[in-house]
Amino acid sequence: MFELDGRIDLANMALILVLSAAIAAIWSMPLVSLVASAIAVLAFNFAFVPPRGAFAVDLHQHALLLVTMLTVSWIVTLLVARLRWHTAQATAQALRSDQLREFAEALRVADEPVAQASILRDTVRRLIGAEPTVLVSSPSVDTVEASGTQLLGPVTPDESSGLRLCLQEGRPMGPGTGRHEEQPSWYLPMRGVSGAFGAALVRGTTDAGGELRNHVQLLCDQLGAALERSDALRSAAAAREQAQGHALRNTLLTAISHDHRTPLATILGAASALHDQDERLSLAQRRRLAATIVDEATQLSRLTDNTLQLARLGQVGVALQRDWESVEEMVGTVLRRVRQRAPQHRVKASVEAGLPLLRCDAVLMVQLLDNLVDNALKHGIGDTPVEVMARRAGPSVLIAVRDRGPGVPTAQRRRIFDTFQRGDTDAVAGSADDHPRPGAGVGLALCQAIARVHGGDLSLRARRNGGSSFEVTLPVEKCPEGTARDGDEGAPP
């Protein structure tokens with residue numbers, strides 16, 4: 001400014017000083033900038049305002065100029081400081097909004113309450129620098145405490161009592177909360193709609209402001225809402241499973257009471273005839289009545305086995321007796337049973353050589369194939385044989401049971417595997433079975449349930465020249481080294 005002395009007047013030199021003060025306010029602290037502005041005005045008075053070399057002022061207009069310079073410099077400094085404060089607040093608010101969003105995303109991915117509480121502890125530790133202690137209360141928490149709560153993090157007996165009081169009352173405690181202000185830490189509840197589902201102890205917050213406490217409380221409330229939502233979903237799933245169990249049990253009881261009545265009545269009639277009219281019956285009549293009793297009892301036993309097995313597979317967490325089994329052995333077992341039960345029927349088997357072992361429950365798989373073959377025999381026509389075929393199909397093994405009957409009507413194919421969906425009575429009446437009878441609607445449903453608990457599926461395919469092909473696909477798992485493959489024994493002829 002000394003270089004401009006004498007070239008421009010005093011007012012223009014004062015404007016340059018005001019401009020310098022405004023620029024300095026951008027980078028300086030507000031208090032420093034205010035003090036610097038006052039010193040600059042005094043120095044300007046001493047150096048340039050007549051009489052020079054003194055702080056005195058000769059003219060009133062010079063005094064007004066100095067006061068205006070100082071006032072404008074301070075106003076600019078205060079405006080810049082206010083703008084910087086608002087910018088800092090907006091930046092902090094944006095960071096907290098991002099943190100809330102990331103916290104909500106992390107809670108959505110985590111399923112267990114303990115994992116969700118750990119996310120809160122990590123988030124608060126990054127925010128404050130101290131890891132909080134969290135008390136979680138949820139029916140699904142794995143805890144040995146009688147109160148059904150679990151503590152995550154170190155805690156003293158007094159702090160534990162404070163956490164439980166905060167959980168019980170659902171209200172914050174500590175500095176700035178209006179309750180128990182003498183406490184050195186915050187006790188923040190994790191609130192849901194219906195109440196608190198935990199509490200967090202946040203230490204080292206004596207000098208922290210209300211905005212930080214409100215932000216941590218928002219994080220705690222998000223966790224409380226997540227815990228409440230998880231409990232609601234678990235309760236709904238348990239209620240749904242219980243309702244399904246009741247519905248299945250009622251349906252089974254209804255089916256048993258209905259489908260067992262006919263064979264029982266037939267058995268009772270035949271047995272009564274043998275008992276009451278034995279001397280008047282011929283040998284052929286007695287044999288026919290005895291055969292009727294055997295046939296009806298066999299059907300009754302099969303229906304009972306299928307119904308009970310379907311009920312067992314419908315239970316949650318059913319355990320299978322899995323082992324490495326040979327497809328040839330299972331098909332051979334089914335053929336031997338069918339030929340003993342119905343030697344008049346023809347069943348042909350074709351099993352591809354070198355099929356891998358299947359890790360399955362052999363009893364269930366034999367029951368599946370037995371049901372499919374029995375179903376094919378009921379719906380086949382005349383002497384046309386039922387075919388059982390097994391081959392490799394990509395990563396799976398395909399086992400098909402085929403017949404040349406009238407096939408399944410298109411309208412019934414979509415629901416043929418539903419429980420208690422009975423087949424077409426007319427189709428059964430035209431079959432090769434000597435005693436045609438519509439099924440109870442349990443056999444195919446059980447077959448599909450068995451296939452699915454093994455990770456496979458059962459489907460129906462209409463054959464080109466008439467008939468149906470029920471095809472089971474089962475995944476092939478890697479067989480451990482050294483597992484014996486003794487499929488030759490019991491292979492189908």
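Where is His180 found? His180 sits in the loop between α5 (157–169) and β3 (186–191), with helices (H or I, at least four residues) and strands (E, at least two) taken as DSSP runs and numbered from the N terminus. The model is a predicted one, so to speak of local features takes a pLDDT of at least 70, side-chain atom pairs count only at pLDDT 80 or more, and totals for chains, interfaces and linings use all residues. Residues are numbered from 1 along each chain as its sequence is written, and side-chain values use heavy atoms, with hydrogens and water left out.

Back to the backbone. Phi of His180 comes out near 50°, a positive value in a residue other than glycine. Pro50 and Pro51 are joined by a cis peptide bond, with omega at about -10°, and Pro51 belongs to the loop between α2 and α3 (60–109). Most residues other than glycine have a negative phi, and most peptide bonds are trans.

On to the helix pairs. Two packed helices are described by the angle between their axes and the distance between the axes. Here axes are lines fitted to C-alpha atoms, for helices over the stretch in contact, and angles run from 0 to 180 degrees between N-to-C directions. The axes of α1 (residues 10–27) and α2 (residues 30–48) come within 10 Å and cross at roughly 160°. That makes α1 roughly antiparallel to α2, given that angles under 35 degrees count as roughly parallel, over 145 as roughly antiparallel, 65 to 115 as roughly perpendicular and the rest as oblique. The crossing of α1 and α2 is right-handed (near helix turned clockwise from the far one by less than a right angle; left-handed if anticlockwise). On the α1 side, Leu10, Met13, Ala14, Leu17, Ala21 and Ala25 meet Ser33, Ser37, Ala40, Val41, Phe44 and Phe48 of α2, where contact means heavy atoms within 4.5 Å. By class, the contact of α1 with α2 has ten nonpolar, two polar and no charged residues (Ala, Val, Leu, Ile, Met, Phe, Trp, Tyr, Cys and Pro count as nonpolar, Asp, Glu, Lys and Arg as charged, and the others, Gly among them, as polar).

With α13 (residues 443–453), the axes come within 9 Å and cross at roughly 40°, and the crossing is left-handed. Asn306, Gln309, Leu310 and Leu313 in α8 meet Gly443, Ala445, Leu446, Ala449, Ile450 and Val453 in α13. That contact splits into seven nonpolar, three polar and no charged residues. Against α10 (residues 362–379), α8 packs at an angle of about 130°, with the axes 12 Å apart. The two helices α8 and α10 are therefore oblique to each other. Their crossing is left-handed. From α8 come Gln299, Arg302, Asp305, Asn306, Gln309, Arg312 and Leu313, and from α10 Leu364, Gln367, Asp370, Asn371, Asp374 and Lys378. The contact of α8 with α10 has two nonpolar, five polar and six charged residues.

Last, the inside. One cavity of 30 Å³ or more turns up, and the largest cavity has a volume of about 60 Å³. On a 1 Å grid over the protein atoms alone, a cavity is a set of points where a 1.4 Å probe fits but cannot get out, and lining residues have an atom within 4 Å of a point. Grid points are joined across faces, edges and corners, and a volume is the space filled by probe spheres set on the points. Lining the largest cavity are Leu358, Arg359, Cys360, His454, Leu474, Pro475 and Glu477. β7 (358–360) gives the largest share of that lining, three residues, while β7 and β11 (468–475) each supply at least two. The lining residues divide into four nonpolar, one polar and two charged.

Definitions and conventions
On a 1 Å grid over the protein atoms alone, a cavity is a set of points where a 1.4 Å probe fits but cannot get out, and a pocket is an open set with protein on both sides within 12 Å along at least five of seven lines; lining residues have an atom within 4 Å of a point.
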